[in-house]
Each structure stands twice: as C-alpha cells, then as structure tokens.
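Hi everyone, thanks for coming. Let me put the sequence and the model up on the screen, and then we'll walk through a few parts together.

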Amino acid sequence: SLEWKAGDHLSARLSFGQAWRFPTVGELYQVTTIGTQLANPNPNLRPERARSAELALVYADGNGSVRLSLFNEVIDDALISQTNINTPGITSAYVQNVDRTRARGVELALDRRDILPGVDLAASLTYADAITARNTVFPAAVGKLLPSVPHWKGNVVLIWRPVPRLSLTTAARFTSRNYANLANDDTVGQTYQGFYKYFVVDARATFKLNDHLDFALGVDNLNNNKYFLFHPFPQRNFTVQAGWKL
C-alpha cells in the first residue's frame, strides 16, 4: 500500500493485494442432507486466487471524512456455490471452480458530523460490474453478473439530536436486481429461493434517561417493502427496548 498526502486534509492511497481461498473439507468430501437440500462434494476443487487493487482519494477534517474509491479484483478458479433441482422437491447444492471472475467499480462513502447543528450523516454508494470473465465448462455464464452481486448498492444513515438525551435515527438501504446463479436465468425473483432488488427504510428513537438507563422505540422496514433474498425478509415490524448499564 502506498499513500501520498496532498495536504492537511487530502490524501491518495494505492493498494494491492493477493489472497488464496482453499476449498473446505466439507466442499471437498462431505455429503450432507438438510431437509430437501442435498450438498454434493467435489474432491477435485482447486484453490481460488484473488488479485485486488484499489485507488482511494480521501478528504478528512475535524467533522469527518469523504472517500472516493476505484477498485478492481480478478479471481482465478473462483469457488462459487450453485444449486440444481435434479428431481422434484430435491435441491442439490455444489461448489465449482469458475476459470476467472472480474469485479471492477467505484464507491463513494462519507461520514460527516454536524452537517447541521446536531445532525450527523453517514452514507455510501457503490457501483460494481462483477461478471464471469471466463468459464470453459459453462460458456453461457460469461459476461453475466456474479451471484448475489448487484450493480448498485447504497445506504444512508441520518442522526438528529434535538436535545442532548434524545437521538432520532433514520436509515435507508437499497440494492439493484441480483441473481442466484451464474447464468442469471433465475428471472423470477419475488418468490421463495428468488433474489430481487429492495429499498428499505428503518427508524429509531433513543432516549437516554441517565448514565445508566435508556429506552428505544424502532420501526424496521417502515415502507413495508416485500422483498426476497432466497427467502422473504420481514415486513414492517416494531421494536421496544430498554437498556441498563452499570
């Protein structure tokens, strides 16, 4: 990693890395069955090798930071889990080596305090183009998105402290359409075992009674988004919490 400081607040950092991930004993040799899910091993799996690079520009001062990153990662022999339905009612899972995957993109992240009196803001937005670059066993996957990696993903958290003992937090998160398999042919995403896009807003109010006792009231999935990431996620729900610290 190399870093260059352009002044008191601005810096540029260039990072490179290489990593290996070896298949687990279960992926190599263990046959397991959980309900209707059958996991098949493959003793011929090879370790994957990842080469990563990132260029990050960072502005930081007494009120927080702003970062812009460009990244690129290439993985040879990527170990990716897939599922097949061999017989009705039986789902078979297996891990395979994909010749090469490539992910490149850009991320903007900020963490700022007191953007207005008593207001803090944290947010990030990421664009990733993560695809199968080469797959001799399954050429139909080339150029398609990698499983569970959407093009767009972001979140924002806004905290307001109108009085010292009260904090009001609103958080929003979203992701664009993503897929479960290498061919991206699982086009029905809003169902069990499907993957789809979502936009969810959460809210929370916390009141600190004293140094030992606080209360919180929250609403998760305030907008009641009905979304699936293999299974349906909870719709609008409420939480009440009391905390005591010694």
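**Strands, pockets and one asparagine**

Let's start with a pair: lysine 208 stands opposite aspartate 214 in S12. Before going further, please keep in mind that this is a predicted model, where local features need pLDDT of at least 70 and side-chain atom pairs count only at pLDDT 80 or more, while totals for chains, interfaces and linings use all residues. Residues are numbered from 1 along each chain as its sequence is written, and side-chain values use heavy atoms, with hydrogens and water left out.

Now, the strands. They are DSSP runs (E, at least two residues), numbered from the N terminus, and two of them pair if DSSP finds at least two bridges between them. S11 and strand S12 (residues 213–220) run antiparallel and are joined by six bridges. The two form a hairpin, with four residues between them.

Which strand pairs with S11 over ten bridges? That is strand S10 (residues 166–175), and its pairing with S11 (residues 198–208) is antiparallel too. Here alanine 172 stands opposite valine 201 in S11.

On to the pockets. On a 1 Å grid over the protein atoms alone, a pocket is an open set of points where a 1.4 Å probe fits, with protein on both sides within 12 Å along at least five of seven lines; lining residues have an atom within 4 Å of a point. A volume is the space filled by probe spheres set on the points, which are joined across faces, edges and corners.

The largest pocket has a volume of about 750 Å³. It is lined by 34 residues, and Ser81, Gln82, Thr83, Tyr94 and Asn181 are the closest to its centre. Strand S6 (64–87) and strand S7 (90–116) are the elements giving two or more residues to that lining, and S7 gives the most, with seven.

The second largest pocket comes to about 150 Å³. Of its 13 lining residues, Glu107, Thr126, Pro150, Lys153 and Gly154 lie nearest the centre. Strand S8 (119–134), strand S9 (152–163) and S10 each supply at least two.

Last stop: the loop between S10 and S11, where we find asparagine 184. Is asparagine 184 buried or exposed? It counts as buried because its relative accessibility is 13%, and buried means under 20% relative accessible area with a 1.4 Å probe, protein chains only. Leaving aside neighbours within four places in sequence, asparagine 184 is in contact (heavy atoms within 4.5 Å) with Lys144, Leu145 and Tyr179.

Key:
Buried means under 20% relative accessible area, exposed over 50%, partly exposed in between (1.4 Å probe, protein chains only).
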